[in-house]
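Welcome! Take a moment with the sequence and the model, and then try each exercise before you read its solution.

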Amino acid sequence: MAPAPQYRRSVSKERFPSLYTSLRTQVYNDPAARGPGSAIRSIAWNPTGTLIATGSASRILRVWNPEKASVKNSTELKGHTGAIECVAWNPIVEAQLASCSTDGTVRLWDVRSNASIAEVKIGGEGLTLAWAPDGDVLMVGRRDDCLVPIHTGTMTASEPLQQPIQTNQTTFSHSGRELFLTTGDGRVKILDYPSMTSLHTLNAHTSACCAIELCPRGKNLAVGGSDALISLWDTTDWVCRHTLGEGIGPVRSVGFSFDGSFVAGGSDEGNNIGVVGHPRLSGNDG
């Protein structure tokens with residue numbers, strides 16, 4: 001008889017510290033990403049948690065086996081001629097990875113064959129990536145605050161959508177019918193997709209909003225700001241329920257645990273990652 005499947009279960013806020021104090025950090029050294037101007041710019045787990053992709057300012061895109069820390073067990077994907085600003089896995093196609101670069105291109109990679117399967121010119125320096133939940137659209141953010149939708153079925157780019165204000169990061173709703181944008185004036189814009197008409201605006205932070213992520217259950221939206229705060233928004237009425245002030249610098253990245261019970265924020269200042277849990281994020285409220 002086959003063993004019973006092992007299901008992941010939530011951890012209470014009280015138990016979280018005791019479970020993690022015994023863990024040790026594993027360092028993955030990329031010799032190509034050392035020295036000034038060669039830092040790793042982006043990191044992403046694939047949907048099944050079996051691979052890690054990193055992109056660096058030294059044009060190196062690497063796929064790691066999390067069980068083997070040595071760089072000799074990783075795969076280097078070559079093709080970009082500029083710094084790699086963002087990497088993102090297709091949420092539907094397990095082995096498909098997207099990357100954008102300052103060389104003005106977005107590439108799709110098949111990590112099984114270690115090959116670039118498509119290249120799209122986006123007309124400017126690529127900065128951010130956001131997959132639609134069905135994997136049909138890849139939204140690219142350029143450094144000049146243009147958004148470029150790429151239709152992955154044909155690997156063609158639509159006309160750039162110039163934004164009227166600094167746009168730092170985007171993410172889709174779980175339905176794919178809304179697009180969330182963080183802006184330089186401390187707001188989050190919620191747009192209908194694909195019409196791009198405005199649905200709502202959140203006055204989220206007193207300074208620039210840098211990072212954004214929707215929790216797995218879709219009930220909370222986390223926004224990281226340059227004011228070192230993370231705000232948590234209830235997506236049913238768009239009210240800010242919590243403000244988390246664990247950071248020591250601008251919050252450049254945010255991420256939820258698989259069940260939405262914890263949210264982590266990262267900054268480019270200091271050496272720590274803040275992990276915060278709250279009863280309202282646990283269980284069915286996440």
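## Exercise 1: Salt bridges

Aspartate 144 has a relative accessible area of 38% and is partly exposed (buried means under 20% relative accessible area, exposed over 50%, partly exposed in between, with a 1.4 Å probe and protein chains only). Before we go on, note that this is a predicted model, where local features need pLDDT of at least 70, side-chain atom pairs count only at pLDDT 80 or more, and totals for chains, interfaces and linings use all residues. Residues are numbered from 1 along each chain as its sequence is written, and side-chain values use heavy atoms, with hydrogens and water left out.

Task: Find which residue meets aspartate 144 in a salt bridge, and then look at two further salt bridges.

Solution, step by step:

1. A salt bridge is a side-chain nitrogen of Lys or Arg within 4 Å of a carboxyl oxygen of Asp or Glu. The structure holds 11 salt bridges.
2. The partner of aspartate 144 is arginine 142, at 2.8 Å from N to O. Arginine 142 is buried, with 8% relative accessibility.
3. Now try arginine 107: its salt bridge is with glutamate 119, and the closest N and O atoms are 3.2 Å apart. This pair links distant parts of the chain, 12 residues apart, with arginine 107 in strand 7 (residues 105-110) and glutamate 119 in strand 8 (residues 115-121). Helices (H or I, at least four residues) and strands (E, at least two) are DSSP runs, numbered from the N terminus.
4. Compare the two ends: arginine 107 counts as buried at 14% relative accessibility, while glutamate 119 counts as partly exposed at 42%.
5. Arginine 241 and aspartate 234 form a salt bridge too, with 3.4 Å between the closest N and O atoms. Here arginine 241 is partly exposed at 39% and aspartate 234 is buried at 16%.

## Exercise 2: Aromatic pairs

Task: How many aromatic pairs are there, and which parts of the chain do they tie together?

Solution, step by step:

1. Rings of Phe, Tyr and Trp (its six-membered ring) pair if their centres lie within 6.5 Å; planes under 30 degrees apart count as stacked, over 60 as edge-to-face and the rest as tilted. The count comes to 3 aromatic pairs.
2. One of them is tyrosine 28 with tryptophan 64, edge-to-face at 5.7 Å centre to centre and 80° between the planes. Tyrosine 28 lies in the loop between helix 1 (16-20) and strand 1 (40-45) and tryptophan 64 in strand 3 (residues 61-64), so this pair ties together parts that are 36 residues apart in sequence.
3. Tyrosine 28 is partly exposed at 26%, but tryptophan 64 is buried at 3%.
4. Another pair is phenylalanine 172 with tyrosine 193, edge-to-face at 5.3 Å and 90°. Because phenylalanine 172 lies in strand 14 (residues 167-172) and tyrosine 193 in the loop between strand 16 (187-192) and strand 17 (198-203), the pair ties together parts 21 residues apart in sequence. Phenylalanine 172 and tyrosine 193 are both buried.

## Exercise 3: A strand pair

Task: In which sense do strand 18 and strand 19 pair?

Solution, step by step:

1. Two strands pair if DSSP finds at least two bridges between them.
2. Strand 18 and strand 19 (residues 220-225) have 5 bridges and pair in the antiparallel sense.
3. Strand 18 (residues 209-214) is mostly covered, as 5 of its 6 residues are buried.
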